[in-house]
Amino acid sequence: MAEVKSITLNRMKRITWRWLKMNERTVDFAAEGEAGTPSVLRPVGVDELADSAAAAAVACGCGPQVDALLENAPCTGFSVADGVSVDEPIRIRYDLADGTSTFDKYALVVGDGAKVTLLMDVASADDAAGYAAFQTRIKVGKGAVVDLVQVHRCGNGFHIIDDFGAEVAETGEFHAIQIAFTGKENDLGGHVELVGDKASTSIHSGYLTADDHAMDINYYVNHIGCECDTDIYTSGVLRDTCYKVFRTTIDFQPGAVKSSGEENENVLLMNNGVTNKTVPTILCGEEDVSGEHGCTVGRLADDLIFYLESRGIPNEEIYEMMAKARLEATIRQIPDETFCEELVEFNNNL
Amino acid sequence: MAKEKTFVEDVQRDLYDFRDEEIDFYRVDTGLTRDIVLQISEEKNDPEWMRDFRLKCLDIFTHSKMPPWGPSIDGLNLDNIVTYVKPKTGMAGKWEDVPEDIKNTFERLGIPEAERKSLAGVGAQYDSELVYHNIRAEVAAQGVIYTDIESALHGPYGDMIKDHFMHLVRPGEHPFAALHGAVWSGGSFVYVPPGVDVEIPLQSYFRLNAPGAGQFEHTLIIVDDNAKLHFIEGCSAPKYSVANLHAGCVEIFVGNNAKMRYSTIENWSKNMYNLNTKRVTVGENSAMEWVSGSFGSHTSYLYPMTVLKGDHSKMDYTGITFAGAGQELDTGMKVNHIGKHTTSSVNTRSICKDGGISNTRTSVVIAPNADESKSIVGCTSLMLDSISRSDTIPAIDVRNQNSDVGHEAKIGKISDEAVFYLMSRGISEEDARAMIVSGFAESVSKELPLEYAVEMNNLIRLEMVGAIG
């Protein structure tokens, strides 16, 4: 197994009381990794990025120690020219082998008015163990639309770090979906800079965490331009003695007038013994904005249970059914029907 | 009369910004040393355990680090702070016996009048010592104890104090709890016996007059089973160019089937570092209510904490913060659900203007055994200009499956739609905006005793003189 070192990641932009143990996460992770061997499908309309340095300055969400960890990792770059709308997604699939440590970076530069989807599917055998760390940096041009989908379905011994960053120009749109079914530890990071006026982003995540596994998420969206919009939504299911922290920060800089941001979380706890932590932060330096968050943690609504029980469904089955439904709701947002159906089936067979 | 201008005025502090000369006051040296702690202990005639406790706290303080997460307290240099200032008087049981200048101070603050009109008892602290303490005879006859904590320490309740003093707020929790344990002085002790309903409130008022001084009062309240109490705390200080420090501590023990309400209007001057710690533990079927208004201070760290220990216990928190120019007020609350069927309801409001910074920091923890517990937290912030800041940092930790936790936060300006709606009903824009700010604060003011609600409305004064310019 790889030599490990301690790293701290997913530190909140504004920290809070230390006794809550939510401010950041310190983990042991592979000190070094090798380039992975994914299958990469680059559709017509997507070019190789001549110089990945164009996106290198884009900040990611996990923080400087993950940047340092992946500093020497190989970077695969893609670009889409101005005005090009790519119908087929870029598909990157990993089938991670047991005992491996994979470090890879991706860069995507999307020109003005262009449109593209990047799908990343990271999987392994159920009983495989290892490490994998990825960073994906994206520059979204004016009026461009980019969808990023990252899915983890790794073995029960895998520790995955999946970190993205995006910089969105005027009227550009960046939509991210992160789904984690399994894996011993999942550390997800996201950092979006809404630089141009009327830029927007949505970050939706779904997770199913069980056993003694860990799920740690840190999203940060910086509102710089005027009339920008953010929608962050996460929906998850926790069972057994798993551990989850969800940090999200919407930061309205002075001058980000008429911007809006919304964070929502919905967590279903399947049993006692889970650790479920949430810090939905709003930082506001501008008067003329609207920032909101809401969260619902706990069990299913009584009226829903009553309705389903009255249809003859036992309580335990209701919870299992609703757990799958939550994941499926996130899966259904993936803008690729083939991949979507594949994941629905995977979810149903869990 | 024609109205010329509308704006939300900054907190009006003129009422509080007067000072008395220190004549023949006793002061320890500035800074914090073992000798100073022993000097305070000797001055207070501490029992041995308390002297040892102070020294232990000093040791903890000298080895502790400042919190990395809150507003800057770089402007607070403890080497320049006087931790004990004793006015030239003992504690009086009648206002007539209080020295004239000090009595005038409290009269200007309206304390004796409030006592006559609507309070069951009053404690008045001036700098480091209580100068007045009194309780109505009929309340005392019920067995209610309301006295200065030093007297209680040496009286029949000495063992009770020993069993409770800094047992809820441990000195190792943060540096200012340790500092408090080392140099605490003044404050009140309240004991409400089982089954006693104190129908009208008790009040303690804290006045810090000395420049460069710290105030470290300790309030210990024990509400026994089936008892009921409303306690009011007020505080103010004149403004100085040097930093003052308030590091008080409030510990409240609520028994079973009991009810406690703690109301605070905090209006320290803008040179004050208000690093206060408040905590309550609540027994079975009992209720705790916090009503909190934070208007003053240069920098505040203030988060009353509730431990819902007993099954079916509950807590309500209503708080408002107003941060003006030069202020960074980091306020909020913490609640830990330990017992089963516990509930908490939190409603915080904050307003900031003229570059003021308001941070709303909360935590809700549901322990694994807290079955069927519920918590709902609402944080609403109103920004009145774009040079101010308003940050909301809520933390939620839920470890029980059969619990419900909801959290909502909203930050924004005065709603244009709301103004438009009111204007379409014939209300001028100025009046509409004033109504909205007033309504924003109302959820807190309506929870306060009348005279405090009036004070709060005076603090957030709405000037209605003219057209929008």
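1. B:Thr318 belongs to strand E20 of chain B, residues 314-323. Helices (H or I, at least four residues) and strands (E, at least two) are DSSP runs, numbered from the N terminus. B:Thr318 is buried, as its relative accessible area is 11%; buried means under 20% relative accessible area, exposed over 50%, and partly exposed in between (1.4 Å probe, protein chains only). Not counting residues up to four places away in sequence, B:Thr318 touches B:Trp290, B:Val291, B:Ser292, B:Asn347, B:Ser443, B:Val444 and B:Glu447. Contact here means heavy atoms within 4.5 Å.

2. The basis of the note is as follows. This is a predicted model, in which local features need pLDDT of at least 70 and side-chain atom pairs count only at pLDDT 80 or more, while totals for chains, interfaces and linings use all residues. Residues are numbered from 1 along each chain as its sequence is written, chains are lettered from A and ligands numbered from 1 in the order in which they are written, and side-chain values use heavy atoms, with hydrogens and water left out.

3. B:Asn285 is found in the loop between strands E16 (277-282) and E17 (287-294) of chain B. With a relative accessibility of 42%, B:Asn285 counts as partly exposed. Leaving out residues up to four places away in sequence, B:Asn285 touches B:Asn257, B:Ala258, B:Asp311, B:His312 and B:Ser313. The side chains of B:Asn285 and B:Asn257 are joined by a polar contact of 3.3 Å. A polar contact is a pair of N or O atoms within 3.5 Å; within protein, one must be able to donate a hydrogen and the other to accept it, and residues adjacent in sequence count only if both atoms are side-chain atoms.

4. Both ends of helix H9 of chain B (residues 416-424) deserve a remark. At its start, a side-chain oxygen of B:Ser415 reaches to within 3.2 Å of the backbone nitrogen of B:Glu417. The helix is followed by B:Gly426, which has a positive phi, near 90 degrees.

5. In chain A, A:Asn218 sits in strand E15, residues 214-223. A:Asn218 is buried because its relative accessible area is 5%. Its side chain reaches the backbone oxygen of A:Arg11 at 3.5 Å. Apart from neighbours within four places in sequence, the contacts of A:Asn218 include A:Asn10, A:Gly61, A:Leu188 and A:Arg247.

6. How many residues of each chain are in contact across the interface? The count is 42 residues of chain A and 48 residues of chain B. The two chains bury about 3700 Å² between them, 48% of it on carbon and sulfur atoms. Buried area is the accessible area (1.4 Å probe) that two parts lose on being put together, summed over both. In chain A, A:Trp17, A:Glu287 and A:Arg299 lose the most area to chain B, together 22% of what that side buries.

7. Three salt bridges are found across this interface. A salt bridge is a side-chain nitrogen of Lys or Arg within 4 Å of a carboxyl oxygen of Asp or Glu. The side chains of A:Arg14 and B:Asp391 form a salt bridge at 2.4 Å, N to O.

8. Strand E20 of chain A pairs with strand E26 of chain B (residues 404-412) in the antiparallel sense over nine bridges. Two strands pair if DSSP finds at least two bridges between them. The bridge partner of A:His293 in E26 of chain B is B:Ala409.
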